[in-house]
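Please examine the model shown below. The paragraphs that follow move from the nonpolar cores to the sheet, its helices and selected backbone features.

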Amino acid sequence: LAALLMPDYRVAIIDAIAERMRWKQFEERLRALQPRFYVTQVTAPTLQNDMYGCFLARALGARTIAFGTHVTPMARQTLQPYPALDFVLRGEPELTLCELLPALDGRAPSSRIIQLLRMADPDWQPPDGADAAQLARIKGLAWRRGDEIVVNPDRPFIPDLDALPLPAHALLPLNRYRIPMLRGPYTFVVTSRGCPAGCRFCIKHVNYQQTVRLRSPENIMQELLMLQQLGIRNIHMYADLFTVNREQVMGLCALIRREGLRIRWTCNSRVDFVDAELLRHMAQAGCWLISWGIESGDAEILRRVRKGYHLEQAEQALRWAKAVGIKNWGYFIIGLPGETEESIRRTIDFAKRLPLDLALFHIAAPHPGTPFFFEVVERGWFRPGTRWEEVDMDGSTVLDYPGLPAERLEYWQRRAFREWSLRPGPLWTYLKMLADPSTWRSALEVGWRHLGWV
């Protein structure tokens, strides 16, 4: 977003989490910047905090704008109770924002933005002023017309991600980013958007549905070389599914090796979207850890949520990765539809059998806009008295199933992590994480939280 707006606008990014910023410091920063526009990403667990940020910015005269997977399906439900929020960017936010700001300024977008707008939407027409009629023409926008909340039609996806400028990483507090098991700062590189899988609980489909768009290996390589110049050698290849296209990944690995780029990187994957040769090339190009969405050790649970893989594929993929020196991080979900205490037991046993270096067990979160969310609403599985901002809380849940109440889900989530982690192999990995003084605090907090000690 920032890279697209520059140089037409002066842009600053505040990462309040990385900078360990309190509200007083945040307000002081806003007063110093005096922004005309304030853009914030919104998630369900941080909704109230995000809206308080809008309140502070609005009080200083800024027009406030929100985007993200929470406000995309919940635009009306977010705008109605929070009058300090002026606009919502639904779905893919870049072009909506780049069309909105000039409209509010009463001018046309720059020529490069017009080119992107026409590439994504051949029917796009240039603006004719900053009035309500112009706002009504901006696809992907939700806004206020007096007391009415207007939700405009969806915006088409950007077809060619290579047409976007490289992200403005230099605006981020890069030296503040730390993660256990990494020495030195790291950052994210987005390699693609979208995933073809049909997992009913996945929030990624809210924005991108089942479409998949790739950046070319050459375009990704440009960003990696830029990050190298900024002193960043630890990368997380961030994608809804990094290995969604084998040719892209193989091409990127070949470029990294050809350029002699000395980076260490991590990624995510599905166990049915890799093979032994691909994993070998990834390891040779610097990949040292993969996070796998394994979810459950019960075949019926996987079938019901349309995960789309077989349990034996998980064992095979993780053994392939381990054989070439890649560490395995497994993600598991407790409390998907159809869950029983017996199926949870099978998941724990399955996790202990897999060659995992790290594992996390989360309670299922029915994010608005997902098929799982609509099933929870229809069947009355929401825990009484819960709120949106509690949807994704670690160690707690908004779910309350007949025969498997919230308290039992929370008990099994803690027990699963304890059983898996309090064994010699995982304990040794965890102690190595604590050995790094730059990340021991975050590692300790993660361990305590998932063991249920905080």
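The largest nonpolar core holds 80 residues, of which Leu224, Trp265, Met282 and Trp292 touch the most other members. A nonpolar core here is a set of buried Ala, Val, Leu, Ile, Met, Phe, Trp, Tyr and Cys residues joined through side-chain atoms within 4.5 Å; buried means under 20% relative accessible area, exposed over 50%, and partly exposed in between (1.4 Å probe, protein chains only). Residues up to four places away in sequence aside, the contacts of Trp292 include Val271, Val274, Leu279, Leu318, Trp329 and Tyr331, where contact means heavy atoms within 4.5 Å. A second, separate core of 28 residues includes Phe37, Ile65, Leu101 and Leu117. In soluble globular proteins, nonpolar side chains tend to be buried together.

The model is predicted: local features need pLDDT of at least 70 and side-chain atom pairs count only at pLDDT 80 or more, whereas totals for chains, interfaces and linings use all residues. Residues are numbered from 1 along each chain as its sequence is written, and side-chain values use heavy atoms, with hydrogens and water left out.

Attention now turns to the sheet. Five strands form an open sheet with mixed pairing, in the order S1-S2-S3-S4-S5. Strands (E, at least two residues) and helices (H or I, at least four) are DSSP runs numbered from the N terminus, and two strands pair if DSSP finds at least two bridges between them. S1 and strand S5 (148-151) stand at the edges with a single partner strand each, so one side of each is left without a neighbour in the sheet. On average, neighbouring strands of this sheet are turned by 20 degrees against each other, direction ignored. Strand S3 (residues 87-89) and strand S4 (residues 141-145) run antiparallel and are joined by three bridges; Val88 has Ala142 in S4 as its bridge partner.

Helix H3 (residues 47-59) packs on the sheet, where it touches S1 and strand S2 (63-67), and its direction makes about 175 degrees with that of S1. Helix H5 (residues 94-105) lies across S1, S2, S3 and S4 and runs at about 150 degrees to S3. Such angles run from 0 to 180 degrees between N-to-C directions, with axes fitted as lines to C-alpha atoms, for helices over the stretch in contact.

Which residues does a cis peptide bond join? The bond links Met6 and Pro7, with omega about 5 degrees; Pro7 lies in the loop between helix H1 (2-5) and helix H2 (23-33). Gln34, although not a glycine, has a positive phi of about 50 degrees. Gln34 is located in the loop between H2 and strand S1 (37-41) and is partly exposed, with a relative accessible area of 45%.
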